[in-house]
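This report describes a protein from its overall build down to individual residues. Please keep the sequence and the coordinates at hand while reading.

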Amino acid sequence: YGLGGSDQVGWYEGGYRFLEAVMVLSTSFMIALFPMLSRLGAAQGNKEEMVRAYHRASKFLLWSGVFCALAVSRVAVPLTQLCYGKDFGPTAQLVPVLMIALALIHLNAPFGRILLAFGKEKQLVHFSVLTVTCNILLNLLLIPGWGAYGAAAATALSEIVSFAVFYPMVRAQLGPLPWGGLLPKPLACAAVFGGIAYCTGGMNPWISAVL
């Protein structure tokens with residue numbers, strides 16, 4: 001409120017509710033997977049199985065995150081009007097930025113659970129404090145000049161910081177993700193989606209999203 005005013009807070013909160021709603025997918029998935037990760041982390045000689053679980057989880061989360069981000073971004077305008085009314089028009093402009101954060105949240109989702117499974121609680125807490133601090137500093141830096149849009153950008157940038165901090169820690173335990181097997185298909189599908197969205201720019205966004 002002090003940095004951007006109540007209207008900016010309302011617009012950002014409106015967009016963030018959509019982000020929270022879709023985050024349920026990654027949160028629920030990792031809660032369901034955590035017992036297995038804990039068992040594998042505690043057992044000796046199961047590193048290959050842990051690696052397979054990590055890769056499969058990352059693949060599902062990355063693909064679902066990109067899909068949800070594109071779909072929600074495409075229907076942001078009618079979705080905002082449906083949920084909040086025309087007074088929240090600026091919220092629709094924030095949703096695509098927050099959906100970038102969503103895709104990164106899905107990619108980052110396994111990191112904390114895997115570190116817990118390996119007994120890295122202290123490191124997880126210490127580096128979480130670092131990422132939260134970066135989020136606060138980004139908000140202080142971006143909100144005065146950019147308002148709600150700056151807050152949305154800070155959310156997305158904070159997830160990039162989280163990836164930069166936590167991925168090397170997980171990579172040290174389980175090796176790198178197979179990016180060649182993870183990225184091409186979702187990026188190709190995203191390109192097709194973007195082409196359809198561009199070609200049907202004058203069409204109802206709901207119909208366009210279905211196509």
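How many positive and negative side chains does the protein have, and how far apart do the centres of the two sets lie? There are 13 positive and 8 negative side chains, and the two centres are 12 Å apart. In this count Lys and Arg are positive and Asp and Glu negative, while His and the chain ends are not counted; each charge is placed at NZ of Lys, CZ of Arg, CG of Asp or CD of Glu.

## Basis of the model

The model is predicted, so that local features need pLDDT of at least 70 and side-chain atom pairs count only at pLDDT 80 or more, whereas totals for chains, interfaces and linings use all residues. Residues are numbered from 1 along each chain as its sequence is written, and side-chain values use heavy atoms, with hydrogens and water left out.

## Overall architecture

The protein has eight helices and zero strands, giving the pattern α-α-α-α-α-α-α-α along the sequence. Helices here are DSSP runs of H or I with at least four residues, strands are runs of E with at least two, and both are numbered from the N terminus.

The C-alpha atoms fill a box of roughly 55 × 45 × 25 Å along the principal axes.

## Surface and contacts

The protein exposes about 11,200 Å², of which carbon and sulfur atoms supply 68%, as computed by the Shrake-Rupley method with a 1.4 Å probe. Of the 211 residues, 40% are buried, where buried means under 20% relative accessible area, exposed over 50%, and partly exposed in between (1.4 Å probe, protein chains only).

Contact means heavy atoms within 4.5 Å. Among contacts between residues at least 6 apart in sequence, 79% join residues at least 24 apart.

## Nonpolar cores

A nonpolar core is a set of buried Ala, Val, Leu, Ile, Met, Phe, Trp, Tyr and Cys residues joined through side-chain atoms within 4.5 Å. The largest one has 27 residues, and those with the most contacts inside it are L37, Y54, F166, V170 and L174. At least two residues of this core come from each of helix 1 (6-42), helix 2 (47-74), helix 4 (89-117) and helix 5 (121-174), with helix 2 supplying the largest share, eight residues.

Beyond its neighbours within four places in sequence, F166 is in contact with F111, L115, L124, F127, S128 and T131. A second, separate core has 23 residues and includes C68, A92, A148 and A151.

## Individual positions

T91, in helix 4, counts as buried because its relative accessibility is 0%. Not counting residues up to four places away in sequence, T91 touches G10, W11, G14, G15 and T80. E49 and L37 are 12 residues apart in sequence and 9.5 Å apart in space, C-alpha to C-alpha.

G119 lies in the loop between helix 4 and helix 5 and is partly exposed at 42% relative accessibility. K185, in helix 7 (residues 184-199), is exposed, with a relative accessible area of 55%. The C-alpha atoms of K185 and S26 are separated by 20 Å, the two residues being 159 apart along the chain.
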